[in-house]
Amino acid sequence: TRFEGLESDETLDCNPRALREGYLEALHEYLDRLRRECAKQVVDYALIRTSESLDAALARFISYRNGNAGHR
């Protein structure tokens, strides 16, 4: 697969299937670190997929906050 830069003429040829495992591992490590740091700072963390509509994500988050407001 050839990836083309959006801001330059550079290209990168690679096999996405070969990169998948390493990418997913790095992503999970990053998300775990982010969750831990949020918890340390008493900051709510919500993973929202780009396929989810913003209004549904916000409604779910607000519902969570309203249900857990007294449990901090």
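Is Pro-16 buried, partly exposed or exposed? Pro-16 counts as partly exposed, because its relative accessibility comes out at 34%, and that falls between the 20% and 50% cut-offs. The views below all come from a predicted model.

**View 1. Pro-16 and its contacts.** Pro-16 sits in helix α1. Set aside the neighbours within four places in sequence, and Pro-16 is in contact with Thr-1 and Phe-3.

**View 2. The start of α1.** Here the residue to look at is Asn-15. One of its side-chain oxygens comes to within 3.1 Å of the backbone nitrogen of Arg-17.

**View 3. Helix α1 from end to end.** This helix covers residues 16–40, 25 residues in total. From first C-alpha to last it reaches 35 Å, close to the 36 Å you'd expect at 1.5 Å a residue.

**View 4. Just past α1.** Once α1 is over, have a look at Val-42. Its phi is positive, at about 55°.

**View 5. How confident is the prediction?** Across the protein chain the average pLDDT is 91, with 93% of the residues scoring at least 70. Confidence is highest in α1, at a mean of 96, and lowest in helix α2 (residues 54–68), where the mean is 89.

Conventions
Residues are numbered from 1 along each chain as its sequence is written. This is a predicted model: local features need pLDDT of at least 70, side-chain atom pairs count only at pLDDT 80 or more; totals for chains, interfaces and linings use all residues. Side-chain values use heavy atoms; hydrogens and water are left out. Helices (H or I, at least four residues) and strands (E, at least two) are DSSP runs, numbered from the N terminus. The expected span of a helix is 1.5 Å times one less than its number of residues. A polar contact is a pair of N or O atoms within 3.5 Å; within protein, one must be able to donate a hydrogen and the other to accept it, and residues adjacent in sequence count only if both atoms are side-chain atoms. pLDDT is the predictor's confidence in each residue, from 0 to 100. Buried means under 20% relative accessible area, exposed over 50%, partly exposed in between (1.4 Å probe, protein chains only). Contact means heavy atoms within 4.5 Å.
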